[in-house]
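Subject: Structure handover

Hi,

Here is the structure I promised to pass on.

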Amino acid sequence: MIGYSLTLPLSPSINSYYQRTKSGGLRISDAGQAFRVDVRNAVVQSKMPKLKGRLCVVIRVSPRDRRLQDIDNRIKGCLDSLQHAGAFENDEQVDELQVTRGPVIPGGRIEILIGELNVPQ
């Protein structure tokens, strides 16, 4: 597997990535929009091609402080933002996903390793 490495700011929790509209629908919040811009910049800077095969994604979430928090609440926003940034066609391509908690880092951080699996077509 050829992997591509990205370092991102801490993503908004899924609880704040999306926001309810007055009509009852969902929209991406201001925090979610800002994170999308950060992800897009990281993908462009990495020169990662759009991945088209089945994917393996390894994510390390380093929280900003020691408060209790669910690291799984950070994942959906990351994958959706990577898809929006053109890293891959659809997050349905992810067959393997590993998520770990990293050390506390002021401001927080997410490190991602993403690559195509060698799966026969």
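Reading from the N terminus, the elements of the protein chain follow the order β-α-β-β-α-β-α-β-β, giving three helices and six strands (DSSP runs numbered from the N terminus: H or I of at least four residues for helices, E of at least two for strands).

Please keep in mind that this is a predicted model, where local features need pLDDT of at least 70 and side-chain atom pairs count only at pLDDT 80 or more, while totals for chains, interfaces and linings use all residues. Residues are numbered from 1 along each chain as its sequence is written, and side-chain values use heavy atoms, with hydrogens and water left out.

On overall dimensions, the C-alpha trace spans about 45 × 40 × 25 Å along its principal axes. Of the contacts (heavy atoms within 4.5 Å) between residues at least 6 apart in sequence, 82% join residues at least 24 apart. Buried residues account for 42% of the 121 in the chain; buried means under 20% relative accessible area, exposed over 50% and partly exposed in between, with a 1.4 Å probe and protein chains only.

Now the cysteines: how many disulfides are there? The count is zero, taking a disulfide as a pair of cysteine sulfur atoms within 2.5 Å. The sulfur of Cys-56 lies 15 Å from the closest cysteine sulfur, that of Cys-78, which is too far for a bond. Cys-56 is buried, at 11% relative accessibility, and Cys-78 is buried too, at 1%.

Best wishes
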